[in-house]
Amino acid sequence: MMHVYAQTPVYRWINNTNGLPTNAIYYLHQDKRGFIWIAHDRGLTRYDGKKFKHFNNVSQRGRSLTNIMETGDSVIWCQDFAGNFFYVQNDSLMLEQRIVSNGLYAPACIFNERYLVHPNTKYIYYFDTKSHRPLNRKSIGANVFHASYGVNIGYAIGAEEIVAFDSKGFKRVIRKSKKQASDKESVFFIKEIGSRIICFYKSWSPHITLIDGSPVGLQVPDLPNSAFIKEVFTTNSDVWICTSSGVYWYDTLLRPKSRAPILVDFSVSNVMQDREGNFWISSTDKGIAFVPNLSLTLSPVGTTGVTAFSNLERNNTLKIGTSRNQVYTFNTLTNEIQPYVTIPYNHEVIDLYEIPNTNYLLVGNNVIHLFDGRQPKWSLANSGKSFTYVKDNMFIAAVTTGSIALNTNKVIKSRPAWLGSPTPDDPAMLELNYLTVQPVNARGRYVYYDTASKYLWIATSNGLGCLDSVGRFRDLKYPNGNDVYASQILAYKNGITVVSTFATGIALWQNNKVVKTYRQENNQLANNTIYKMDIDGDVLWMVSDYMVQALNLVTNELRVYSKADGLPQVEIKDIKCSRGKVFLATSLGILSFPTNMPSKNERKPVIELLNVTYNNRKLAESKKGTYQLLHKQNEVDIEYGLLAYKTGDEIRVQYRINGGRWIDHNSDTRSLHLASLLPGSYEVEIIAINEDGIIATPLTVNIKVAYPFWLQWWFMLLVILAVIGLVRLYLRNRLKEIEQKNALEAQKLQLEQELQKSMLAAIKSQMNPHFLFNALNTIQSYIYTNDKENASQYLGRFSELTRMILDMSNRENIPLSDEIKALKLYLSLEKIRFDESLVYDIIIAKNISVELIHIPSMLIQPYVENAIKHGLLHKRGAKKVTITFELRENGIKVVIDDNGIGRERSMQLNALKRKRHDSFATSANEKRLEILNKGLGSNTISLHYTDKYDEHGNAIGTTVAIHIPFTTIKHTAS
């Protein structure tokens, strides 16, 4: 007969099947941020609960590392077994070359969060981890082969003595042997446990001595004499002794806290408790066992799973069914498991039912079995899903064909009204009193008989119903008329029945009516699917998918137990409460935990930033705490560690940008990808929310995507300055143009003024006193001679010429015809003055239209006057002047030809007379030509003098050629 007492905490493995490079683990450490560091035979690994980051160094003598330490500035240090020291910097494992190894391993320690202290042969060496330089060494005068460390003190353990030291060096010899101890008898670990300092031996039994007590060894309870101690781990309330055959759990007085070693089949190398309270147990052959809750224990039943608990507990013992047609007994106090009976048919046990006040046991699998004690009584080939006792040795079974009534002793004393008649053609059924419950003809799921109301509750694939004592059947529905698909039915109190369902939560019934419901939609349950239930006082314990819910039916308080509380991710088949404990039937065995075990995870998850990368390249954080990106680098990945080992996959992650709305993020990725970021500043916040709604302190990452250079402030400033410069340049040029235009306008105005002056000068020259005097004398002579006709004719011409001169002086351009008319009037007057000795001729080319061609007013007359005044006036004999008008390509040519004395003789005579006014007309006309030419461009008014001589060199006259461009041509209607 097999007796099983094994009980172990529930754990899950972290090994080479889920990311570790090896199963040979030597040391564990949780750093200040919360990451787990694992030293193993292939190097060093950092773990955040989801991802592994591996480190190694080519300088390792062998790849194994151990003894992980951490400084105050969060630098991780470790050793290899050849005495070399390594540290992690910039995600790389670096060899500390200033510490010279002697090829032997002796554990080191960090004192004062800065100084690395390590014993070596006869010395203790001190090394400054911040400056990376050796400080000094202290001689202890003994061969040191190991060291242990307390809170503020270290113990150098030699073959003959133990020396205590602190961060400043040698302190005192605290133990000295009279003779050199053998390796077996040598102290290997010294631990400060409570108020005692205890020495541990590796393999010598008894295993411990007190440092200040007798050197005679003391035996540790339950620790075998053959145990080989590999490490001793202590907390404020626990002592863990790691051996090659499991780990032993004690309190600080070395009293056992477990009935047997944990992980008895494994070589345990280290135990660590993290900040969440989880325990990590490493081994040198199986990896790491992660224990989230020491209150949750497992009692395996060989290699089979547990599928059902019996309805009654007798003498602290439950019957349990397994997945391999076996029934065991389970002691709820001692966890002792013993075989009870084996079912003939190899099928999992669905239900176990002990009939009260009898030794009868009903077993339902693919066949219904009745046992009297351990003896089989009969079997019925029908699958039994559920059983309920009625009375007089009669019970009801829910089967695949509906519900049936069976009798344990073949005699039914009183038949309920809802029982049908026996089937006459089946003797076997008649013998067993196999009676069908009427009128239920659907697939049965669960049956429950209420002895108080004498109602039979029946759950089928069609819904829920009940039969009263007189056989009336009632369909039981929700108030909204929906069917109830029940999974289990239990009595509570005050006539209240609890009905669990597969999809609609829990309902409380009283007098065949729903009085209260509990559902996930109303935040009353964590899951609406309930497979099994049990009631412990006012607390309803329910099995759902991979979780257990505990609902207080009085206070409505809900507790939820899941993977975060240590439950393994296995199917739970049944539940039973007994004496302050909850027992779960699972494929691993029987899980148990106290009914008062806390369920709410009050610890905040921790989110730690690992890297901010662009295109797989790590970005450096600026002094202002910002990650700078160029405008084209608008995609980043924020890699973070989510440090919530207990919660695991049940944690939720959300993020938001610049205080916007929170967005759900897949927590499995451990990386937030942000794409297509526009230039600007971004504050990215990431939070984690555990299964109980506790929110982590947000991880804040500040990212700045630079604007392109054309949007940078300095470029904008340059553009603004350039625009200002261009505007200034434009305004200056424009102002210059305006100034030039104004100057031109002023010059034009000045020219016009000068032109007016020249016009006035021309008028003066035309109407000079000499001309007027001569004209008036001529008129006077006509009057004296009483030649009224000539006087009148002369006076009329003179007045007409005067009127024309005054009229033309007001116009810039005049028709050529007006100029010729004025010339004719002038010449006619001069001819009279010269007593008809003056002959003039005006010749106009036939292709000239004198009315259409316009020239500057009073331009030709001054040169005709000069020809008469200076050339012909002093000539004796016939006097002649000829004026010719010819058409040229870009103007007209006017030629004034006289047969006078010439310019040279005229200047000589003028010089003798010293009359300056005679040259005034000429100089004024030249000034006028200069003014007119400034506005005509290249096609200007030109003037050319030709002096004429005979064959003897005597002056015979002057020719003046004037080129006048067209200024205006007007077309008039014919």
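This is a short talk on the fold of one chain, from its overall make-up down to a few single residues.

Please keep in mind that the model is predicted. The chain has 974 residues, and 50% of them count as buried. Its secondary structure comes to eight helices and 68 strands. On contacts, take those with a separation of 6 or more: residues 24 or more positions apart account for 51% of them.

I'll start with the core. The largest nonpolar core holds 45 residues. Which residues have the most contacts inside it? They are Ile860, Val864, Phe885, Val894 and Ile896. Helix H5, residues 816–833, supplies the largest share of this core, with nine residues. As general background, nonpolar side chains in soluble globular proteins tend to be buried together.

Take Val894 from that list. Setting aside neighbours within four places in sequence, valine 894 touches Ile860, Ile883, Thr884 and Phe885 on the one hand, and Val960, Ala961, Ile962 and Ile964 on the other. Two of these, Ile860 and Phe885, are also on the list of residues with the most contacts inside the core.

Back to H5, and its packing against another helix. H6 covers residues 861–872, and the axes of H5 and H6 lie 10 Å apart at an angle of about 20 degrees. Angles under 35 degrees count as roughly parallel, so H5 is roughly parallel to H6. The crossing of the two helices is right-handed. Which residues meet there? From H5 we have Glu819, Leu823, Tyr826, Leu827 and Glu830; from H6, Gln861, Val864, Glu865 and Ile868. Val864 is again one of the residues with the most contacts inside the core.

Next, a sheet. Four strands form an open sheet in the order S37-S38-S39-S40, with antiparallel pairing. At the edges are S37, residues 444–450, and S40, residues 473–476, each of which pairs on one side only. From one strand to the next, the twist averages 20 degrees. S37 pairs with S38, residues 455–460, over six bridges in the antiparallel sense. Within S38, alanine 459 stands opposite tyrosine 446.

Last, one residue elsewhere in the chain. Threonine 329 sits in strand S27, which spans residues 326–331. Is threonine 329 buried or exposed? Its relative accessibility is 14%, and the cut-off for buried is under 20%, so threonine 329 counts as buried. Again leaving out neighbours within four places in sequence, the contacts of threonine 329 are Thr317, Leu318, Lys319, Glu336, Ile337, Gln338 and Tyr340.

Methods:
Residues are numbered from 1 along each chain as its sequence is written. This is a predicted model: local features need pLDDT of at least 70, side-chain atom pairs count only at pLDDT 80 or more; totals for chains, interfaces and linings use all residues. Side-chain values use heavy atoms; hydrogens and water are left out. A nonpolar core is a set of buried Ala, Val, Leu, Ile, Met, Phe, Trp, Tyr and Cys residues joined through side-chain atoms within 4.5 Å. Buried means under 20% relative accessible area, exposed over 50%, partly exposed in between (1.4 Å probe, protein chains only). Contact means heavy atoms within 4.5 Å. Two strands pair if DSSP finds at least two bridges between them. Axes are lines fitted to C-alpha atoms, for helices over the stretch in contact, and angles run from 0 to 180 degrees between N-to-C directions. Angles under 35 degrees count as roughly parallel, over 145 as roughly antiparallel, 65 to 115 as roughly perpendicular and the rest as oblique. A crossing is left-handed if the near helix is turned anticlockwise from the far one by less than a right angle, and right-handed if clockwise.
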